[in-house]
Amino acid sequence: QPPSCPRASKRKSPANSAPRDRSAAPASRPPLCLATRIMARGPAARALLFLFLAAFLSHHSAHAQASKSLIAKLEEAEGSQAAGVAVDAVVLSDVVESAGSAELASGDGDVDTTKDCKAEVKFFCSTIRPGEGRLATCLANQIEEEEKGSATGRKTLPPCQAEVRAFKIDRANNVNKDIPLALGCKADAVKFCNSSNVYEEPGAVLTCLREVKDKLTDICQDLVTRTQIDASKDYKVDAMLNELCTADAELLCVGVPSTDGKVQECLREKRAHLSWDCQEELFRQEVENADDVRMSAVLLRVCMRDKKKFCADVKPGNARAKECLEDNRNNPEFSAECKTTFEEMMVRRATDFRLDAKLRDLCKVDVDQVCGYEKDSLDSIAGYDGRVLECLQDYKDELVTPACKKRVHRLTVRAAADIRMDRPLSDACYDDRQKLCSGVQPGDARVLRCLQDSREQLSYECRATLFDQEVRLAEDIDFQFPLKKACAAEIPRFCKDIQHGGARVIQCLLLHDEATDMGDECRTEVKRHETRSAKDYRLNYRLNKACDLEIDRLCADVCGPFSGQACEGSVIQCLTQKADNVTDQACKKEIFIMEKIMANDVRADAVLEKACDNDISTFCGDVEPGNGRVHECLRNHRDKLSKQCAAEELKLNIIQSSDIRLRPGFKDCSEEMNVYCKDVQPGKGRMFLCLQGNLAKVDFSQACKLRVEEKQSRQQNYYMLDFGVRSACKATVDRLCASVKGSGHGKAAVLKCLVEKHDAIAESQCASEISRATRMALWQYRKGVALTQTCDADVEKLCTGVSVSTVGAIGRCLAKQVTDNAALTPGCKKMVMLAAPKDAKALFDGEMTTAAVVAKVEEIERKAGLMAAFIKNDASSGSSMVTLTGWMALAAVAALVVVVIGGSVFVYRKYTGQDRPYTLVVKGGDV
């Protein structure tokens, strides 16, 4: 270690000694001394030495860019100031040409060591070499610690504090007065802020450098950031702000301390009274400082403790620290003061996208392309209505930058949780909030929920804006704050593999709302969402998205999309009524899901719920909604329902007739469908037909059998509830039975008409469906049923002893009576003959006589070219006997022998016990 290098003292400093400024001390120590010390510490230290020397040489190479005369004058002035001698000579700095030459304070660009800060320099900054603002930094740090209350012992005096402030204010007027800044940013100034694009005004070059900060070199960026941090604490240290806001500050903020950004805070609070120029500059500084929490003096003062606790490892810049604080502000250990101040900043940011540094950067292209009109309509002062932010949310699907989409998503999450972050809604509902929700604390969507619960009392503007926001929030579970919170356990349980967005998770929860392991809190929120989304198709994101074109084509005149209020389920009903005309498969799928939800819970069908409100209260008040229970109750009281309710319930019943998956009660048939109908494609009544066809199976459960018989009973009383008849016989009904259509419900009038006029039916598919419907009615015969009432007397007379409860027993009995030529009433006989399958009808149409059989065989012989006759019949004798000859006789004898021998073997094995009978039992698993 060279003798000229000062040694570090190993003794403790006395209590009254001046504290050493650790951040500034290394600058006063000769670089070679530091190098010598590092060399003595081994290989790792030598690596550090290499980096240090590189920085040292870089610093001095920058100095070399200045004129030799300036360097000489600086060194001379620094020496004089270090010796406590005033510098009388004027030292001019012209490092950055476009800024013009500037006189350096004290000759060395620093606080004067011979004036008001003489004692403070000796006490607080004795190890700091004067020049290039080093003493000013040392003293400013001390003053700041004193203001925070963390400094002990001796304090700086007001005259010195004033001198330090005056030095900083003067230095901000010209970049050349700040030697480190001028040297570090010279190349950037030449490139971006040369004389061709910089006006001659105070601080012009520095203002320009701030505007292009993201394009600057790292060294220059750091130096510019230092000036911004200083200016955020004292508005006068920003030359433009000082020039244009001093008059306003002196008028409006008298007595407000000039430190910690308090004057800027005062000016923003009185924004309406500021001059236009001051507003512009105040907003310009706010925008420039938006990306770094260090440039928000208010936040830094209030939230420093929380920043150290929650965001200690977060690097400053690019709004990282702000995002960290935002994400942790609901933590129980987060200070209330910081949370309040930070949320005030968020509310302010929600008024103008330019105050969101990250969004401004990530969405630059999208703002220009998608929201250019809104952007161009903004003034040079702060916005107030968040118009660009609203545009980005409304047209999120048109954004091209993934990072911008993600940022806008975060923006919407904020707005969904706190109405203050949604400027249009907050403004539109201001009076309503004061009137109806004044005691509701913002956050956790509480105010939004209060407004929703008070919807009928809201002003038109508030109600319309609230509806628009609800449409926007319908897209993602992340925007449904109460629902997401209530279902925090259920989402990973039921929807763990489902991607967020597109309302996929919301739909997943809706389809599991009857699950036994869904919690009560979650179920309540799911039902609430389900009921609300039933009010308007736009609140059902997936339906709205998939059926957009179909709605325009089929339901355009039902409800105007720009009415600003819900359509009360009218468009949803239109889609379900015209589902057969929908061609888009995605839309068909969403309509079916909606139908399933509506069939499950009456509250999900806004039109039906409104029409049946009184009926539900009267007849089904004690019935718990869900699982189709209220619908079943209403149908059981069909004859007592109001006309409007009965009509709406019938519409739903007709929709349900096409697919038993729309009938919650058919969950009782899940095992039967899995065993007997696993290869049957659901829809168009196919699954029900399969169940009907297997109804007589011995292992058909009683619960499922009751469901099938109940549906069969209803659909045979009204043809519209039979999908096959309804779809195949529409034209036939209009042509042959139009006169009885109106009175058909519950009396089977149309079906009886079609049976009676069956011979006149031209459409083969319709004729086939009528045959099938009649056959199933006889197969599940019950006395007194309208369609089969014509057979009641015949059944009582000819089928005594036959069990009515046995599936198909009465139908078989009546069919046997017809084949045996029993005397049935004409109407019943016609039904039985019509009900017979097409390939069995010949049994009823005529008798196949023995002669007819012989004639058929003879015809085959002729066509085969056989000369000998193998079968003879003496028609003249009137006998029905047939004589076999030749090879035919031999074959018949052989067949007779085989039958006799086989029968004998069977009888022997049966009675000797060699064949042990067994029953094959198949048990299907639960579905």
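Biologist: Let's start with C253 and C266: what makes each of them count as buried?

Modeller: Buried means under 20% relative accessible area, exposed means over 50%, and partly exposed is in between, using a 1.4 Å probe and protein chains only. C253 and C266 both come out as buried. Keep in mind that this is a predicted model: local features need pLDDT of at least 70, side-chain atom pairs count only at pLDDT 80 or more, and totals for chains, interfaces and linings use all residues. Residues are numbered from 1 along each chain as its sequence is written, and side-chain values use heavy atoms, with hydrogens and water left out.

Biologist: How do you know that C253 and C266 form a disulfide?

Modeller: The cut-off for a disulfide is a pair of cysteine sulfur atoms within 2.5 Å. In C253 and C266 the S to S distance is 2.0 Å, so the pair qualifies. The torsion about their S-S bond is about -95°, so we call this disulfide left-handed. The link reaches between distant parts of the chain, 13 residues apart: C253 sits in the loop between α12 (239–252) and α13 (262–269), and C266 in helix α13. Helices here are DSSP runs of H or I with at least four residues, strands are runs of E with at least two, and both are numbered from the N terminus.

Biologist: How many disulfides turn up in the whole structure?

Modeller: A search finds 25. One of them joins C677 to C690, with the sulfur atoms 2.0 Å apart. The S-S torsion of C677 and C690 is -95°, a left-handed link. C677 is in the loop between α39 (670–676) and α40 (686–693), while C690 is in helix α40, so to speak a tie between distant parts of the chain, 13 residues apart.

Biologist: What makes the disulfide of C737 and C753 left-handed?

Modeller: The torsion about that S-S bond is about -90°, so left-handed is the word. C737 lies in the loop between α43 (730–736) and α44 (749–756) and C753 in helix α44, so parts that are 16 residues apart in sequence are tied together. C737 and C753 are both buried.

Biologist: Is A748 buried or exposed, and what about N821?

Modeller: A748 has 2% relative accessibility, so it counts as buried. N821 has a relative accessible area of 68%, so it is exposed. N821 also has a positive phi, near 60°, and is found in the loop between α47 (809–819) and α48 (826–835).

Biologist: Why is V893 called exposed?

Modeller: V893 has 52% relative accessibility, so it counts as exposed. V893 is in helix α51 (residues 886–912).

Biologist: And how does the protein look overall?

Modeller: The protein has 51 helices and four strands. Of its 927 residues, 46% count as buried.
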